[in-house]
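Here is a brief report on selected features of one protein model. Read it alongside the coordinates.

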Amino acid sequence: RTFERRAPGAEIAEVDDLSRGFNALLDELQVWHQQLDRAHEALLHRASHDTLSGLPNRSAFVDAVGIAIRSAQRNGEQFAMLFLDGDRFKETNDRYGHVAGDRVIAAISARISEVLRFGDTAARMGGDEFAILIHHLDAPEDVQAVADRIRAAMLIPIEIGDSIAVSIGLSIGCAIYPDHGQDVEALIRYADEQMYLDKHSKNRTGPVAVPSSA
């Protein structure tokens, strides 16, 4: 597959013609192989990423947590996992439609990505559930700082069209390795439980519609 190599020219006309034909064939093979590589990369990306949000999907996140566990074990480090769920997101879909719901998901994804530390990973787990992997945790306060930035980002209403914007909060649960679990399943379960505790502790009033700034 060393497609950049080419046959040299020759003084004998017949040999030179053969070299030119061979090089033309290599040109076509190189273009075909590049297209094949791009198609393969696109398939891999679609298999590991959520189409709507552009974030890694649940499968990719689980793989990332497994890698983080092995790294933490080797280096004696901690890391944290956040689970996030939209507060009363179903009411947004029911009241304003699925297109509005998709806009909310896309906006949440963008806002989460903007406030993450460099190297941390956000994923869409499905529906209105998201997860964040906080690598190389220096102190538990780092987790709270990330959660606070996410909550602050969600204070800005999300425009969903027709001069309407909705204010939607996020319930957040946290798990720290190795304190709250030694494997992927245990960490996810703990973070999920903490997220639901946060959700049920709130005064849940549903999405609040506010005039759009547009």
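Strand β6 covers residues 170-177 and is mostly covered, with 7 of its 8 residues buried. The model is predicted.

Strand β1, residues 79-86, pairs with β6. The two run antiparallel, and 8 bridges join them.

## Aspartate 198

Aspartate 198 sits in helix α6, which spans residues 184-200. Its relative accessibility is 18%. The cut-off for buried is under 20%, so aspartate 198 counts as buried.

Which residues does aspartate 198 touch, leaving out those up to four places away in sequence? They are Arg151, Leu170, Ser171 and Ile172.

## Aspartate 102

Aspartate 102 belongs to helix α4, residues 98-115. Is this residue buried, exposed or partly exposed? Its relative accessible area is 38%. Buried means under 20% and exposed means over 50%, so aspartate 102 is partly exposed.

Leucine 52 lies 50 residues from aspartate 102 in sequence. In space, their C-alpha atoms are 7.3 Å apart.

Definitions and conventions: Residues are numbered from 1 along each chain as its sequence is written. This is a predicted model: local features need pLDDT of at least 70, side-chain atom pairs count only at pLDDT 80 or more; totals for chains, interfaces and linings use all residues. Side-chain values use heavy atoms; hydrogens and water are left out. Helices (H or I, at least four residues) and strands (E, at least two) are DSSP runs, numbered from the N terminus. Buried means under 20% relative accessible area, exposed over 50%, partly exposed in between (1.4 Å probe, protein chains only). Two strands pair if DSSP finds at least two bridges between them. Contact means heavy atoms within 4.5 Å.
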